[in-house]
Amino acid sequence: MLDPRIAAAIFAVAGVFFLVVGVRAARGRPFLAATGGLLALALLAVAALCGTLALSIQGYHALTREEVAAVVEIRPVAHQRFVARVTLPDGQMRSFEIAGDELYVDARVLKWHPWVNLLGLHTHYALDRIGGRYVDIEDERRAPRSVYPLADAASLDAFALRREHEFLAPLVDASYGSGTFVAADRPTTLEIRVSTTGLLLRERGQTALR
């Protein structure tokens, strides 16, 4: 499968080639010139699309199987208060002071249509937010809330683009958010796992907690 950046480069080079052919044939072979020009424009448009896709999935991770998206260590510090230390696969570590009875995590997920897979784009995901959740509904309504971003802000984001532009529907099979939560009333270490069906939390050595 091609990386979308490589695909963009290949289509761009092919587009420039046919553009040069069209320009050289402009005088003596107008039909060939017109054909070369149209083909060049089409290839350059595809190159631009591939380049845009490559930029818009910066910060996302390709997903071909269930994998660990992060490890979270939970340490309660008071009633309905806990610290969550998140370690990402690249070694980055961040700590959050969270209010609530439970840890909540969600992610953005993109599934591409099969023909787009040929460009090297499969299911992609990006962890989005981490925060707290209360068991009691009244607490959820009135008690202090805490939520933090896990994703870096991007000027071009494929998830946001799909929501804003319907013409991207032939590329994206599905774009959705997936969230999961678990009790945070005792010290524990959890794995945030992601699969093509969404997020799950798994305590190390235990079965999955959805």
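## The Glu 203–Arg 186 salt bridge

Glu 203 and Arg 186 form a salt bridge, with their closest N and O atoms 2.9 Å apart; the term stands for a side-chain nitrogen of Lys or Arg within 4 Å of a carboxyl oxygen of Asp or Glu. Because Glu 203 lies in strand β10 and Arg 186 in the loop between β8 (172-183) and β9, the pair ties together parts that are 17 residues apart in sequence. At 16% relative accessibility Glu 203 counts as buried, while Arg 186, at 43%, counts as partly exposed. Here buried means under 20% relative accessible area, exposed over 50%, and partly exposed in between (1.4 Å probe, protein chains only).

A word on the model itself: it is predicted, so local features need pLDDT of at least 70 and side-chain atom pairs count only at pLDDT 80 or more, whereas totals for chains, interfaces and linings use all residues. Residues are numbered from 1 along each chain as its sequence is written, and side-chain values use heavy atoms, with hydrogens and water left out.

## Other salt bridges

The structure holds nine salt bridges. One of them joins the side chains of Glu 73 and Arg 85 at 2.7 Å, N to O. With Glu 73 in strand β2 and Arg 85 in strand β3, this pair ties together parts that are twelve residues apart in sequence. Glu 73 is partly exposed, with a relative accessible area of 31%, and Arg 85 is partly exposed at 32%.

Asp 128 and Arg 108 form another salt bridge, their closest N and O atoms being 2.9 Å apart. Asp 128 lies in strand β6 and Arg 108 in strand β5, so this pair links parts that are 20 residues apart in sequence. Both residues are buried, and Arg 108 has a relative accessibility of 15%. Their side chains also make a polar contact at 2.9 Å (a pair of N or O atoms within 3.5 Å; within protein, one must be able to donate a hydrogen and the other to accept it, and residues adjacent in sequence count only if both atoms are side-chain atoms).

## The nonpolar core and Ile 192

The largest nonpolar core has 24 residues, and those with the most contacts inside it are Leu 103, Val 105, Leu 127, Ile 130 and Ile 192. Strands β2 (67-78), β3 (81-87), β4 (93-99), β5 (102-112), β6 (123-133), β9 (188-195) and β10 (198-203) each supply at least two residues of this core. Such a core is a set of buried Ala, Val, Leu, Ile, Met, Phe, Trp, Tyr and Cys residues joined through side-chain atoms within 4.5 Å.

Let's look at Ile 192, which lies in strand β9 and counts as buried at 1% relative accessibility. Leaving aside neighbours within four places in sequence, the contacts of Ile 192 include Val 68, Val 72, Val 105, Leu 127 and Leu 200 (contact means heavy atoms within 4.5 Å). Ala 69 is also among these contacts; the C-alpha atoms of Ile 192 and Ala 69 are separated by 5.5 Å, although the two are 123 residues apart along the chain.

## The whole chain

The protein has five helices and eleven strands; these are DSSP runs numbered from the N terminus (helices H or I, at least four residues; strands E, at least two). Of its 210 residues, 40% count as buried. Among contacts with a separation of 6 or more, 60% are between residues 24 or more positions apart.

The accessible surface comes to about 12000 Å², of which 58% belongs to carbon and sulfur atoms. Accessible areas come from the Shrake-Rupley method with a 1.4 Å probe, and for residues only the protein chains shown count as cover.
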